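Please look at the model below with its aromatic rings in mind. The numbered points that follow are meant to be read beside it.

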Amino acid sequence: MISLKPHDIVLALKIGCLNVYRDDPDYSVSYLCASLKLSRSEISKSIKRLHYLELIRIKADGQKREYFLLVENILAFLLSGMRHLFKPEPKGNSRGIATCFSCPLIKSEMVPSEIPFVWAYPGGNVNGEVVEPLYPGVPFAAQQDVVLYKLMALIDVIRIGKPREVAIAKEPLTLILRGG
């Protein structure tokens, strides 16, 4: 049986960002390792799992490989399974990077909670309630890619939000992944 690991989701979303928001995307394992703080073996294994589970498609042309996010498949998973498989545990308060509707890049009708949600991170500038990221490299990866940051913040809404918040997060998540 092949099972997703939390960092597989982040890699899939990074591939989606490259597909839609980069004119000449770099799909090299070296680039993906550096931008996500994952090892070469983790990237390779993740790509195999994502391909097998039909969340990405691989196009190989000689030595060059390209990866394509299967948007409808990933959306179906994110909206139906994410909160059940990767629900974070409460971690107290800390300094970090804002996530959920506390993320300054997300515009919505939701009013962020009085105490913001954050990923604990030494270089963060917000004090708040800690949301455990999907894997420890998420705060770093989010700082490298603004679109990935938005996606990860919206995913956290799905992971911890109430039904109304999840419904509101669905639209911007879908728009970003479809390139809208």
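**Notes on the aromatic rings**

1. The charged end of Lys 37 sits over the ring of Phe 140, at 4.7 Å from the ring's centre; a charge sits over a ring if NZ of Lys or CZ of Arg is within 6 Å of the ring centre and within 35 degrees of the ring normal.

2. This is a predicted model, in which local features need pLDDT of at least 70 and side-chain atom pairs count only at pLDDT 80 or more, while totals for chains, interfaces and linings use all residues. Residues are numbered from 1 along each chain as its sequence is written, and side-chain values use heavy atoms, with hydrogens and water left out.

3. Rings of Phe, Tyr and Trp (its six-membered ring) pair if their centres lie within 6.5 Å, and the planes count as stacked under 30 degrees apart, as edge-to-face over 60 and as tilted otherwise. By this rule there are three aromatic pairs. In one of them, Tyr 27 and Tyr 67 have ring centres 6.0 Å apart and planes at 80°, so the pair is edge-to-face. This pair links distant parts of the chain, 40 residues apart, with Tyr 27 in the loop between α1 (6-21) and α2 (29-36) and Tyr 67 in strand β2 (residues 64-69); helices (H or I, at least four residues) and strands (E, at least two) are DSSP runs, numbered from the N terminus.

4. Tyr 27 is buried at 6% relative accessible area, and Tyr 67 is buried at 4%, where buried means under 20%, exposed over 50% and partly exposed in between (1.4 Å probe, protein chains only).

5. The rings of Tyr 27 and Phe 68 have centres 6.4 Å apart and planes at 50°, so this pair is tilted. Phe 68 is partly exposed, at 22%. Tyr 27, Tyr 67 and Phe 68 form one aromatic cluster.
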